[in-house]
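The following note sets out points on strand pairing, helix packing and charged contacts. Please read it alongside the sequence and the model.

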Amino acid sequence: MADEPFAADWRSLSWVEAFPWLQDVSGLFGEVWWTDSVADTGSDVRRLRAARIAQLAMIHRARSTILETFPGLPLDVNVDRLHLPARAASALRNQSCAHTGDLADFTIEEIRDWRNVGRGTVETILHVLADLSVPSGTHCQLTALTVGESTRTVQPAAWITTVMDDLARIADWYTTVGLADSSPLGEPLPAWAPDEILKARHRLDTLTADAIVDNREGGLTVAARIDDALRGLDQRAAYVLSTRFFAEEPSTLAQLGTMFDVSRERIRQIESRAHGTIVDLGVGDGPVGLVAQTVRNLINTVRPLADLLTLLPSLAETVNAVGQPVWRVLERLDDTYTIAGPWCVASTIDEAQSRTRAILHQHSNPHGVAPVGSIDFIETSQSAQLHDLRIAWLLYCGYAVHGDSVVTRTQSVGDYAAAILSIERKALGAQEIVDRFSVERNASTLRNAMAQDDRFVRVDRDSWALREWEMNAYNGIRGSIRDQIDSHDGQIALNELVEHLTNAFSVAESSVISIAASPPFETRSGLVRLMGSDREVYKTPARTRRLFRHPTAWRLRIRITEEHLRGSSFPAPIAIASIADLRFGETRSYSSPLGSQTVTWTGTQPAFGTIRRLLADRAIDVDTDGFLVLGDDGSFAFEPARSMTGDALTDAMSLIGASPTADRATALRVLAAAIGLPEESPVAGVIDGYRQRDDSDIADLLTNLRHVLETDILPQRQTRKTEIDEILDLL
């Protein structure tokens, strides 16, 4: 054993004699304590002196061996008796150092290069060795360290004695009263226990960690421990960890190589060493490893990050070395769970969402609606918040939630509407349904979709239900009147009809009465029935606005709208029934180059079927004027109208769909014949004819030309009259 320096009386040995190298360095710091006697130094001060020697050794003895630095070190002490912290003890075991003599030939610099050993750990080891190297060293009683290591001084006198006394007092009382099998801590004390026993139990129940661990020497938090472990990394290594291992968008090796003016391979080496340092923290039974295990135990399925931080507050602290919270550091060290956004999930987010989909599919009704409560795997320490947390998780996964139900199918308005009705369990209007959507949708679009979807039935003017509910369908007021007439053998009392429809649907009494008296119905003597099939057309084609006769066809001028382009059917003037030889309730088909064209009369007035294909064939746009041509031979066509030119007569001919002509007399005859007037009608009569049928645009054009037309045409009529008079004279 290396004890030659202490062959003399060790009680008079000074610090500089125990550590001769101090005389070369200590003066630099203005310190004079090295000449004090070691034996005269109290235990607390001696521990501080040993810590100071460890610091000086780190600075000035880096290349000296342990034995050169601590010449009085006993070489046969088992390192397990030194009460080293877990990290320091692990470092010694990794280097196969079972006794202090195994450290003798290592230099301090070599120890600092050990894997996962930082400056604080090295100072801790040196502190123990310095204290052990003086003759009165208390290495067998060392219970804590003060330099560099994030640990705290255990002071048995401050709490152990009190705890033992209280436990003994409670146990003695239990034994005295014949309850020796009772646990002093494991069960509540009986209410009738003496005050002194209750106070003893209260002290045990309220004992906190801070009462056991002295807080004078720094924190025991995970952040402090990780920072301490990373303190030995140089700034480059810490930066590499921050920008690659912890970054959401990691920097490339090339970018970091350029920044530090080194090769990519050198950055890879720095990253590997730094990564190894931090990964080793999360394993084993050290303090950080135990915290990592605790986090793993808490994340079995899905847990809110906020709840995890409530249970383990130190996880929210920042690890300054890498600029990340502890929970992020631990998450990157562990591949058994993932923290994304506000959620902690076992394995990966994709797997957690896949499990959610499977559970919802299992519990969904035919309309894709499942109870929120079917998501039964959310973990939380706040059971009162469980319902809200389930909803928050479902929203995070992209589902729509309505009250206590979750909608799994929202891709189409029809699917979403079916789900809403399934949840509400009552008929709703289209606007009421889209108001419940979590996305913006148009009520008109929804109405069209439901009208073509067998899952829905309209049960009122704008009220929709699921067909599976077997509610009575609403076919409009006319359809409902027809249904009632059919169910009452062809006629029904008006007052009975009104009562039934106003009670069944949201329709006004006046509307029922009005429609019941309008085609295709009639009300006579208080009875409502269908009009006879011999219903007459009360407005002739010749008196119908914008309808014009040509030698072999009728032409109806219209303006194209969005409805035409969408393919909707549209009303026709009542006179079309005469042209098509239609009686009420009938349909006629005309032939066109692009297929059959229908004209029907089942409502108040006739209607044309869709002309969308004809418009698409000519690339007709909205607001285009044109003519529907109904040929006497059963043909049908659409012809665009000619553009207006500014010439009154030419424009008038264009408005009736006739070819322009320079002959005013011919033009006037065509204009007269188009509205059923004799071809020789005077200008005033033609103008009046157009104005009476409400074709004011044509009447106005002809009025502007009236003087010209009368001046140009009247002489021809006088000549003809003279010829007739001469013939009559001959007779």
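This is a predicted model: local features need pLDDT of at least 70, side-chain atom pairs count only at pLDDT 80 or more; totals for chains, interfaces and linings use all residues.

1. Strands β14 and β15 form a hairpin with 2 residues between them. Strand β14 covers residues 547-550 and strand β15 residues 553-559; the two run antiparallel and are joined by 4 bridges. Within this pairing, Arg-549 stands opposite Trp-554 in β15. Pairing here requires that DSSP find at least two bridges between the strands. Elements are DSSP runs numbered from the N terminus, with helices being H or I of at least four residues and strands E of at least two.

2. Residues are numbered from 1 along each chain as its sequence is written, and side-chain values use heavy atoms, with hydrogens and water left out.

3. A further hairpin is formed by β20 and β21, with 4 residues between them. Strand β20 (residues 625-631) pairs with strand β21 (residues 636-640) in the antiparallel sense over 5 bridges. Leu-630 stands opposite Phe-636 in β21. In the turn, Gly-634 has a positive phi of about 85°.

4. An open sheet of 3 strands has the order β6-β8-β7, with antiparallel pairing. Its edge strands, each pairing on one side only, are β6 (369-371) and β7 (400-402). From one strand to the next the twist averages 30°. Strand β6 pairs with β8 (residues 405-407) over 3 bridges, in the antiparallel sense, and Pro-371 has Ser-405 in β8 as its bridge partner.

5. The bridge partner of Pro-571 in β19 is Ala-607.

6. How do α29 and α30 pack? Helix α29 (residues 648-655) and helix α30 (residues 664-674) pack at an angle of about 30°, with axes 11 Å apart. The two are therefore roughly parallel, a class for angles under 35 degrees, with over 145 roughly antiparallel, 65 to 115 roughly perpendicular and the rest oblique. Axes are lines fitted to C-alpha atoms, for helices over the stretch in contact, and angles run from 0 to 180 degrees between N-to-C directions. Leu-649, Ala-652 and Met-653 of α29 meet Arg-664, Ala-667, Val-670 and Leu-671 of α30, contact meaning heavy atoms within 4.5 Å. By class, this contact has 6 nonpolar, no polar and 1 charged residues.

7. Helices α18 (residues 349-363) and α19 (residues 386-396) pack at an angle of about 110°, with their axes 11 Å apart. The angle therefore makes α18 roughly perpendicular to α19. The contact comprises Ile-349, Ala-352, Gln-353, Thr-356 and Leu-360 of α18 with Trp-393, Leu-394 and Tyr-396 of α19. By class, there are 6 nonpolar, 2 polar and no charged residues.

8. The count comes to 24 salt bridges, each defined as a side-chain nitrogen of Lys or Arg within 4 Å of a carboxyl oxygen of Asp or Glu. The side chains of Glu-265 and Arg-268 meet in a salt bridge at 3.5 Å, N to O. Both residues lie in helix α14 (residues 264-279), 3 residues apart, about one turn of the helix.

Terms used: Ala, Val, Leu, Ile, Met, Phe, Trp, Tyr, Cys and Pro count as nonpolar, Asp, Glu, Lys and Arg as charged, and the others, Gly among them, as polar.
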